[in-house]
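Work through the exercises below with the sequence and model open. Each task is followed by a solution in steps.

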Amino acid sequence: MNIFRFAGDMTHLISILVLLLKIYATKSCSGISLKTQELYALVFLTRYLDLFTDFISVYNFVMKLVFIGSSLAIVWCMRMHYAVRRTYDKDLDTFRHYLLIAGCFVLALILHEKFTFQEIFWAFSIYLEAVAILPQLVLLQRSGNVDNLTGQYVFFLGAYRGLYILNWIYRYFTESHFSRWIACLSGLVQTALYADFFYYYFYSWKNNSKLQLPA
């Protein structure tokens, strides 16, 4: 494992911890898209089908459990927790995420590295992760104002993907048989989706003002 991969994993983990902190400390999920969280849960469940069949390392196994468990816990809180679910912005979170699921599955059937059950769902999870943030970004644009913890959550989530691009570049030049082109292209698309958010995030940080996204 290289430093970019490790930094990416830790940044991803920080984004999840920030979101859990927001939900459990404030008993609120205002500004958080349930649809994005459901998409991420589906991403991890389909990507880690090899959880109990292909053991790579203790670190890898634990991180898989953390990502699956935390994503399901967040969805459960937003749907079932008596206090948290009342703060959900249902009227703003109207993105048709099922279209993303259908489109990514069809794409995985067409573009994949191997035509096997596990590889099809791996490709599906990569494509879906690339666009899973869309409902969240749309919700933030509709709401306008973004609270501090929500802004940090989205920032760390975008930073994680940027670090993974550096990881792929590093592996391309150091590994003779590195061929995860699906992950590389999807990662570039995913990072590009954050460009507008990053601009306003750094603008608010530079001017010490509240983060606001134009509708």
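**Exercise 1: helix H5**

Task: State which residues of H5 are buried, then check the length of the helix.

Solution. The buried residues of H5 are Glu119, Ile120, Trp122, Ala123, Phe124, Ser125, Ile126, Tyr127, Leu128, Glu129, Ala130 and Val131. Buried means under 20% relative accessible area, exposed over 50%, and partly exposed in between (1.4 Å probe, protein chains only). That makes 12 of 15 residues, so H5 is mostly covered. Helices are DSSP runs of H or I with at least four residues, numbered from the N terminus. The cover over the buried residues includes helix H2 (34–47), helix H4 (97–110), helix H6 (134–143), H7 and helix H8 (181–193).

For the length, the expected span is 1.5 Å times one less than the number of residues. The 15 residues of H5 (residues 117–131) should therefore span 21 Å, and the end C-alpha atoms lie 22 Å apart, which agrees.

The model is predicted: local features need pLDDT of at least 70 and side-chain atom pairs pLDDT 80 or more, while totals for chains, interfaces and linings use all residues. Residues are numbered from 1 along each chain as its sequence is written, and side-chain values use heavy atoms, leaving out hydrogens and water.

**Exercise 2: aromatic pairs**

Task: Classify the pair phenylalanine 44 and tyrosine 48 as stacked or edge-to-face.

Solution. Rings of Phe, Tyr and Trp (its six-membered ring) pair if their centres lie within 6.5 Å; planes under 30 degrees apart are stacked, over 60 edge-to-face, and the rest tilted. The whole structure holds 22 aromatic pairs. In the pair of phenylalanine 44 and tyrosine 48, the centres are 6.1 Å apart and the planes at 5°, so the rings are stacked. Phenylalanine 44 is buried at 3% relative accessible area, and tyrosine 48 is buried at 15%.

By contrast, tyrosine 164 and tryptophan 168 are edge-to-face, with 5.9 Å between centres and 80° between planes. These two residues lie 4 residues apart in helix H7 (residues 148–174), about one turn of the helix.

**Exercise 3: cysteines**

Task: How many disulfides are there?

Solution. A disulfide is a pair of cysteine sulfur atoms within 2.5 Å. The count is 0. For cysteine 29, the closest cysteine sulfur is in cysteine 77, 9.0 Å away, which is too far for a bond. Cysteine 29 is buried, at 0% relative accessibility. For cysteine 184, the closest is in cysteine 104 at 17 Å, again too far for a bond. Cysteine 184 is partly exposed, at 21%.

Note on methods:
Contact means heavy atoms within 4.5 Å.
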